[in-house]
Amino acid sequence: MSLPVYFVCQAPQPPPGRIALCGWHCAPDGTLRGPEVPGRADALVFDDRAPLPDSPDTLTDALLQAAGCIGAEVIVLDFERSVSPCACRLAEALAARHRTAAPVRFCTGACEPIRCYSPAAQTFPEFLSTAGGWIELRPVRETVRYDIGGVLPSGDGQDFFSELLQCRYRARQTADGLLIELFDSPESFRARTQRLSDSFTAALALQWELTALGYPNDPK
């Protein structure tokens with residue numbers, strides 16, 4: 001695969017490719033906590049399971065020191081909370097001194113955006129129109145429900161490939177309405193990832209998800 005892939009893991013492992021080591025977070029007192037014996041990794045993943053301090057200075061310095069200790073070329077901010085000034089200040093402070101990637105809604109300045117494709121939310125061409133930065137390589141597993149009254153329950157229908165969504169789909173009627181199931185086959189995942197390779201600089205992935213689809217690991 002031409003797209004550099006960083007595999008997220010919780011402990012150092014013999015790398016199949018690039019390793020994004022997670023486990024760093026903020027303690028209640030605002031200091032940095034992380035793995036006791038982190039080893040070496042290509043990326044450091046910091047999450048926001050705990051609230052962030054108002055001032056990013058001390059946390060920024062600690063993250064930069066940790067990244068240097070494990071040899072991480074990039075710091076990945078795994079932020080899932082709502083956007084806050086504290087989170088944006090930390091992202092900006094880190095990006096000013098080290099390569100940093102974060103979900104697009106937290107990105108300011110030099111921070112590299114991380115995007116994830118959701119065919120339930122937009123078409124593939126619409127997604128590509130805002131491409132750039134990092135991509136989360138995730139198999140599609142989504143369901144869209146339409147509350148259409150009067151439909152009759154039916155069994156699973158035949159599945160098809162959608163060129164517009166770049167994934168497979170099937171429609172199923174239930175007593176409550178119409179369900180559209182969006183999902184990947186190994187072939188659709190491979191084809192979509194190949195198209196993404198030209199539009200993004202790097203990717204984050206869980207190794208087991210790619211392996212389950214028969215996708216090869218990314219060599220160094």
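Select Gln 166 to begin: Gln 166 sits in the loop between strand 10 (160-162) and strand 11 (167-174). Strands here are DSSP E runs of at least two residues and helices are H or I runs of at least four, numbered from the N terminus. Before you click on, note that this is a predicted model, where local features need pLDDT of at least 70, side-chain atom pairs count only at pLDDT 80 or more, and totals for chains, interfaces and linings use all residues. Residues are numbered from 1 along each chain as its sequence is written, and side-chain values use heavy atoms, with hydrogens and water left out.

Stay on Gln 166 and check its backbone: phi is positive, about 55 degrees, although this is not a glycine. Most residues other than glycine have a negative phi. Is Gln 166 buried or exposed? Gln 166 is buried, with a relative accessible area of 3% (buried is under 20%, exposed over 50%, partly exposed in between, using a 1.4 Å probe and protein chains only).

Strands 10 and 11 run antiparallel and are joined by three bridges; pick Phe 161 and you'll find its bridge partner, Arg 168, in strand 11. Two strands count as paired if DSSP finds at least two bridges between them.

Now widen the selection to the open sheet, four strands in the order 9-12-11-10 with antiparallel pairing. Strand 9 (141-146) and strand 10 stand at the edges with a single partner strand each, so one side of each has no neighbour in the sheet.

Jump to helix 2 (residues 85-95). Its buried residues include Cys 86, Cys 88, Leu 90 and Leu 94. Among the elements covering the buried residues of helix 2 are strand 4 (43-47), helix 1 (57-70) and strand 5 (74-78); contact means heavy atoms within 4.5 Å.

From there, colour the largest nonpolar core, which has 29 residues, with Leu 44, Phe 46, Leu 52 and Leu 63 making the most contacts inside it. Such a core is a set of buried Ala, Val, Leu, Ile, Met, Phe, Trp, Tyr and Cys residues joined through side-chain atoms within 4.5 Å. Strand 2 (18-26), strand 4, helix 1, strand 5 and helix 2 each supply at least two residues of this core. A second, separate core of 21 residues includes Ile 135, Val 144, Ala 205 and Leu 213.

Last stop: Glu 112, in strand 7 (residues 112-115). Beyond its neighbours within four places in sequence, Glu 112 contacts residues including Arg 99, Trp 134 and Thr 201.
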